[in-house]
Structures are given as structure tokens and as C-alpha cells.
Amino acid sequence: MNISTSDIILLAHAAFGATGCLAALWVFVEVLNAQPANAVRIRAAAVVAAICMAGAWICGGYWYVHFYPAEKALILKGPWPFAHNLFMETKEHLFFITAILAFLLPIAARERLYVNPAARQLVLSVAALIVITGLAVEGAGAVINHGVKVALLRDASKGSQ
Amino acid sequence: MKLTAATSGFVLAAAITVLFNTALSCAKDAYAPLKDFMGSLTGHDWTTQGLIDLVLFVGLGAIFMSTRAAERIDSSRLIASLIGAVVIAGLGLCIWFAFV
């Protein structure tokens with residue numbers, strides 16, 4: 001087995017992102033039934049979402065700056081150049097929106113949600129936006145990964161002929 | 001009930017930051033010298049953009065919180081502004097990189 005540092009950082013990036021989305025979904029579900037009894041749990045889940053998105057930002061950023069250029073060159077020479085031109089370009093900038101929303105979530109979750117309908121509506125909206133944009137970013141990551149795969153498969157099939 | 005000064009301030013800051021993020025993404029993509037300049041600050045334009053977004057969000061949030069500027073805006077309107085900003089910013093990025 002040969003797992004490189006690049007692999008670990010990339011997988012940690014995706015794992016942090018997915019966990020952050022799940023934590024935001026957890027907040028959403030808890031807030032649908034906001035009570036004094038689950039206020040601490042809501043705040044904890046909101047903090048988990050923010051920490052996970054910060055982790056995804058740091059790991060993804062490090063990988064993007066140090067390891068992505070080689071994959072980018074492969075993608076652009078392969079049959080799916082749009083995996084970079086559209087999906088990576090959109091993903092790398094859309095992620096900032098998800099991260100800002102994730103940092104907003106613990107601030108909004110500090111409100112007394114069980115007595116404040118406006119605060120409940122806000123936290124539900126922010127959590128839903130994190131899940132939607134986060135899943136879009138995760139999906140874009142899968143397309144980028146496939147862009148590398150089809151480029152390598154084409155090179156491999158040329159080499160075997 | 002209304003939102004607190006801290007919450008409403010950071011909601012408004014987030015709405016402005018996400019729109020600014022999309023505008024900066026398009027600007028640096030269209031104007032290479034800006035991208036090069038941003039890259040020269042931290043070693044990579046993406047790193048610089050992330051730091052600018054973070055500073056803008058925290059800075060504007062702190063200003064709006066201390067001045068209580070966002071607290072005067074109706075809560076529903078503030079939430080709608082945030083949702084609208086995220087939709088416009090997200091679709092704006094997608095459309096820009098798909099067609100420009």
C-alpha cells in the first residue's frame with residue numbers, strides 16, 4: 001500500500017467538507033424542533049460545522065496550491081477540460097461562500113432560538129444554504145477527480161495499443 | 001422578536017462578503033495583472049482571496065455590530081438579502097466560468 005501525503009490531505013479535505021455538511025444538516029433538523037433542552041446541542045453542532053469547514057479550507061487550500069497544478073495539466077490535456085475550466089474554477093470560489101456561511105452559523109445559533117422565530121428562520125436558512133452549496137462543492141470535486149481519471153485512462157489505452 | 005446586533009451585523013457582513021467574493025473572482029479572471037498582484041501578496045491568488053474574504057467578513061461584522069447599523073433592518077428582509085446574495089453569487093460564479 002502506498003498512500004502519499006497528497007492523498008491524505010485530499011481525502012481529509014473531502015472528509016472535513018462532508019462532515020461539515022452533515023453537521024449543518026444536524027443543526028437544521030434540531031432547529032425544526034428548537035427547545036431549551038436542545039439549545040446546547042444546536043450550538044455545539046454549529047461549532048462543529050464551522051470547525052469542519054475551516055479544516056476543509058486549510059486541507060483543500062494546501063492541496064490546491066501544492067499538488068493540484070500537476071492534475072490540472074492532466075485534465076486540460078484530457079477529454080474533460082471542463083472539469084477544470086468550469087467545475088474547479090467554480091468550486092474553488094464557491095467554497096468561500098460555504099465557509100463564510102459556516103462561520104456565520106455559530107454566531108446565529110447563539111440566539112435564543114426557542115423563543116425567537118426570526119432567529120430560527122435565519123439558522124434554518126443558513127444551515128440549508130451550507131448543505132446545498134457544500135454538496136455542490138463535493139459534487140464538483142467528484143467531476144474534477146473523474147476529469148483526471150479519464151485523462152489517465154486515455155493515456156493508458158494509447159500506451160497499450 | 002428581532003435579531004441581536006451581533007447576529008444581524010454578521011448576517012449583513014456575510015451577504016456583502018459573498019457578493020464581493022464573486023465580483024473579485026470575475027475581476028481577477030478577466031484582468032490578469034490583478035490576479036498576478038494577488039498572487040504576489042501570499043504566493044497564490046486563491047490564498048489572498050480567501051484571506052480578503054475572511055478579513056472583510058470579520059471586519060464588516062464587527063463594524064455593523066458596534067454601530068448597530070444592521071439591527072435597524074427588518075429581520076425578514078435581512079434573511080432574504082442573505083439568501084438572495086448567496087443565490088446570485090453562486091449562480092454568478094457558475095455562469096461566469098461556463099460562458100465567459
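## Close-up views of a two-chain model

At a relative accessibility of 46%, Arg68(B) falls in the partly exposed class. The structure shown in these views is a predicted model.

**View 1. Arg68(B) sits in the loop that joins H3 and H4 of chain B.** The phi angle of Arg68(B) is near 60°, which is a positive value in a residue that is not glycine. The side chain of Arg68(B) forms a salt bridge with that of Glu71(B), with N and O 2.7 Å apart. Because its relative accessibility is 46%, a value between the 20% and 50% limits, Arg68(B) is classed as partly exposed.

**View 2. Asp45(B) and Lys28(B) form a salt bridge in chain B.** The closest N and O atoms of the two residues are 2.6 Å apart. This pair links distant parts of the chain, with Asp45(B) in helix H3 (residues 45–67) of chain B and Lys28(B) in helix H1 (residues 5–30) of chain B, 17 residues apart. Are these two residues buried or exposed? Asp45(B) and Lys28(B) are both buried.

**View 3. Glu30(A) and Arg41(A) are joined by a salt bridge in chain A.** The N to O distance between the side chains is 2.7 Å. Here too distant parts of the chain are linked: Glu30(A) belongs to helix H1 of chain A and Arg41(A) to helix H2 (residues 39–66) of chain A, 11 residues apart. Glu30(A) has a relative accessible area of 11% and is buried, whereas Arg41(A) is partly exposed at 42%. Over all chains, the count of salt bridges comes to three.

**View 4. Six residues of chain B make a nonpolar surface patch.** The patch covers about 610 Å² and consists of Ile83(B), Val87(B), Leu91(B), Ile95(B), Phe99(B) and Val100(B). One of these residues, Ile95(B), lies in helix H4 (residues 75–99) of chain B. The relative accessible area of Ile95(B) is 49%, so this residue is partly exposed.

**View 5. No disulfide is counted in any chain of the model.** A disulfide covalently bonds the sulfur atoms of two cysteines. Cys52(A) is buried, at a relative accessible area of 8%. In chain B, the sulfur of Cys94(B) has its closest cysteine sulfur in Cys26(B), 11 Å away and so too far for a bond. Cys94(B) is partly exposed, with 36% relative accessible area.

**View 6. Helix H4 of chain A is kinked at Met88(A).** The kink amounts to about 30° and is centred on that residue. What span should H4(A) have, given its 27 residues? At 1.5 Å a residue, H4(A) (residues 82–108) should span 39 Å, and the 37 Å between its end C-alpha atoms agrees with this. H4(A) is mostly covered, with 22 of its 27 residues buried.

**View 7. Ile8(A) is placed in helix H1 (residues 5–32) of chain A.** Ile8(A) has a relative accessible area of 51% and therefore counts as exposed, for which the limit is over 50%. Between the C-alpha atoms of Ile8(A) and Phe87(A) the distance is 22 Å, for two residues that are 79 apart along the chain.

**View 8. Chain A has five helices and zero strands.** Along the sequence the pattern of chain A is α-α-α-α-α. A box of roughly 70 × 30 × 25 Å, taken along the principal axes, is filled by the C-alpha atoms of chain A. Chain A has 161 residues, of which 49% are buried.

**View 9. Chain B has four helices and zero strands.** Starting at the N terminus, the elements of chain B follow the order α-α-α-α. The box filled by the C-alpha atoms of chain B, along the principal axes, is roughly 45 × 30 × 15 Å. Of the 100 residues in chain B, 45% are buried.

Conventions. Residues are numbered from 1 along each chain as its sequence is written. Chains are lettered from A and ligands numbered from 1 in the order in which they are written. This is a predicted model: local features need pLDDT of at least 70, side-chain atom pairs count only at pLDDT 80 or more; totals for chains, interfaces and linings use all residues. Side-chain values use heavy atoms; hydrogens and water are left out. Patches are made of residues with over 30% relative accessible area and no salt bridge: like charges are joined within 9 Å, nonpolar side chains (Val, Leu, Ile, Met, Phe, Trp, Tyr) within 5 Å. Accessible areas come from the Shrake-Rupley method with a 1.4 Å probe; for residues, only the protein chains shown count as cover. A salt bridge is a side-chain nitrogen of Lys or Arg within 4 Å of a carboxyl oxygen of Asp or Glu. Helices (H or I, at least four residues) and strands (E, at least two) are DSSP runs, numbered from the N terminus. Buried means under 20% relative accessible area, exposed over 50%, partly exposed in between (1.4 Å probe, protein chains only). The expected span of a helix is 1.5 Å times one less than its number of residues. The bend at a residue is the angle between axes fitted to the seven residues ending there and the seven starting there. A disulfide is a pair of cysteine sulfur atoms within 2.5 Å.
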